[in-house]
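User: I have a model open and I'd like to learn how to read it feature by feature. Can you walk me through it?

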Amino acid sequence: MTIAAATGGARSGAGSPLWLRGAYRLFFGAGALWAVVVVTLWVGALGGRWVLPTAMEPLAWHQHEMLFGYLSAIIAGFLSAAIPNWTGRPTVTGWRVAAVVGLWLAARLAILFSATVPPLVGVALDVGFLAVLLAYATREIVASGNRNKPILLILLLFTAASALDHAGAMGMLADPALGMRTGFALILLLISIIGGRITPAFTRNWLMRQGRTDRLPTMANRFDTAVIGATALALALWTTRPDSIVSAALLLVAGALQAARLTRWAGLKARDDALVFVLHLSYAWLPLGLVLLGCAIIHPFIPVSSAIHALGAGAMAAMTLAVMTRATRGHTGRPLEADRLTVGIYILVHLGALLRVAAPLLPIDYMLAIRIAGGLWSAAFLLFVLAYVPMAVRPPPAARR
């Protein structure tokens, strides 16, 4: 399928402005900007500089908005770009794009100001947005008979996890963090599935274009299926029994298997292409984070917060930025090349994640380390907004001439 068909190709959307031809054009930028807002507000609240206007506990709000706020926007953007490619069906355009982005934004604001706005309004908007996304994906994938039906189950469970997280924040669950852990585990599973598909595929394509056909990446086989299964089992047990030694052991096994999986993708051979190599570097946070989480359960020397941030600020954030930069370039007709700004995005997000993971162990003031880490990490997302939103909402230079 051509780039035009994948991004704005539905004839019914030809009359829509470019920025409404595919929800990814708005969702990637809006999600990145929201990540900056969430981290800035959370670091300030953690340092006692201000009180957040939400009915949630500040930490619960921070976790919810990174998982079900930022990541839901990126998932929506990714699916809006990927589903037409998967199914051959038209891209959603026009007022429907504006409406669904507006629903997402309304949910974010309602939850942020839930000390004033009735909390159930935020719940309805938040879960409603994910339900709309699930309905769209289900309609398109089922109607086309596409193979990506397992993603629908993950979306369904992710929607339920958001509702659970709200219930936990309202004191309705014995384990208030159950929804957060469930959503967290589902995103990691999604990275294992999608990241494990695109990373070796893009690497293989790049190496073949370079004429380097010796020892190409190993494509998905039974070993990959077994690794995903082991990871799903470990995360499922951690979700329900986060302090169990059995959970720790399974997480360590899953981390080791994910590391072995990564070595089969010939990542070092692609180090000359930042747009490809960053997929490997970002995916590496997944096995590292799983191992750290297992170690944190066994021994308190490794803080749980470090393991969680290796998976969140590392695997989730770095992988989404890697996908967002590549997808924006590919779907808007730009060259699949990482310029200096793009490389800067990658460096900043990885440095920010690394410092945040190490912060509790460093011989410097903890809050200073948190502020620096948050600043580096947020700068990556702000740079994405500045560099990539104009690409998403304007035609490529060749089309303007």
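Analyst: Happy to. Let's begin with a cut-off: a residue is called buried under 20% relative accessible area, exposed over 50%, and partly exposed in between. Keep in mind that this is a predicted model. Now apply the cut-off to Arg215: its relative accessibility is 74%, so Arg215 counts as exposed. Arg215 sits in the loop between helix 7 (178-209) and helix 8.

User: What is phi of Arg215 near?

Analyst: The general idea comes before the case. Most residues other than glycine have a negative phi. Arg215 has a phi near 50°, which is positive even though the residue is not glycine. Ala266 is another case, with a positive phi near 55°. You'll find Ala266 in the loop between helix 9 and helix 10.

User: Is Ala266 buried or exposed?

Analyst: Buried: its relative accessibility is 15%, and the cut-off is under 20%. Ala266 also belongs to a separate core of five residues, which includes Leu207, Ala270 and Val276 as well.

User: How do I read a core, then?

Analyst: In soluble globular proteins, nonpolar side chains tend to be buried together. Here, the largest nonpolar core has 113 residues, and Phe27, Phe184, Trp377 and Phe381 touch the most other members. Helix 12 gives the most to this core, with 15 residues.

User: Which residues does Trp377 touch, not counting those up to four places away in sequence?

Analyst: Trp377 touches Ala35, Val39, Met66, Ala313, Ala317, Leu348, Val349, Gly352 and Ala353. Pick Val39 from that list and turn the view around. Val39 lies in helix 2 (residues 24-46) and is buried, with a relative accessible area of 10%. With residues up to four places away in sequence left out, Val39 touches Met66, Gly374, Trp377 and Ser378. There is also a C-alpha pair to look at: Val39 and His62 are 7.5 Å apart in space and 23 residues apart in sequence.

User: What about Ser378, where does that residue lie?

Analyst: Ser378 is in helix 14 (residues 366-393). Its relative accessible area is 8%, so Ser378 is buried. Apart from neighbours within four places in sequence, Ser378 is in contact with Val36 and Val39.

User: Next, helix packing. At what angle do helix 3 and helix 12 cross?

Analyst: Start with the axes, then look at the side chains between them. The axes of helix 3 (residues 58-87) and helix 12 (residues 304-331) cross at roughly 35° and come within 11 Å. The crossing is left-handed. On the helix 3 side, the residues that meet helix 12 are Leu67, Tyr70, Leu71, Ile74, Phe78, Ala81 and Asn85. Helix 12 answers with Met316, Thr320, Val323, Met324 and His331. Sorted by class, the contact has nine nonpolar and three polar residues, and no charged ones.

User: And charged residues, how many salt bridges does the structure hold?

Analyst: The general idea is simple: side chains of opposite charge can pair when their charged atoms come close. This structure holds nine salt bridges. One of them joins the side chains of Glu140 and Arg139, at 2.8 Å from N to O. Glu140 is buried at 3% relative accessibility, whereas Arg139 is partly exposed at 48%.

User: What do I see for Arg181 and Asp175?

Analyst: Their closest N and O atoms are 2.4 Å apart, and the two form a salt bridge. Here Arg181 is buried, with a relative accessible area of 6%, and Asp175 is partly exposed at 28% relative accessibility.

User: Why does the pair of Arg264 and Asp224 tie together parts that are apart in sequence?

Analyst: Check the distance, then the places. Arg264 and Asp224 form a salt bridge, with the closest N and O atoms 3.4 Å apart. Arg264 lies in the loop between helix 9 (245-263) and helix 10 (274-283), and Asp224 lies in helix 8 (residues 222-240), so the pair ties together parts that are 40 residues apart in sequence. Arg264 counts as partly exposed at 24% relative accessibility, while Asp224 is buried, at 3% relative accessible area.

User: Which residues are linked in a network of salt bridges?

Analyst: Look at Glu65, Arg108 and Asp126, which are linked in such a network.

Notes
Residues numbered from 1 in each chain as written. Predicted model: local features only at pLDDT ≥ 70, side-chain atom pairs only at ≥ 80, totals over all residues. Heavy atoms only, no water. Axes fitted to C-alpha atoms, helices over the stretch in contact; angles between N-to-C directions. Helix = DSSP H or I, 4+ residues; strand = E, 2+ residues; numbered from the N terminus. Left-handed = near helix turned anticlockwise from the far one by under 90°. Contact = heavy atoms within 4.5 Å. Nonpolar A, V, L, I, M, F, W, Y, C, P; charged D, E, K, R; others polar. Core = buried A, V, L, I, M, F, W, Y, C linked by side-chain atoms within 4.5 Å. Buried < 20%, exposed > 50% of the residue type's maximum accessible area, 1.4 Å probe, protein only. Salt bridge = Lys/Arg side-chain N within 4 Å of Asp/Glu carboxyl O.
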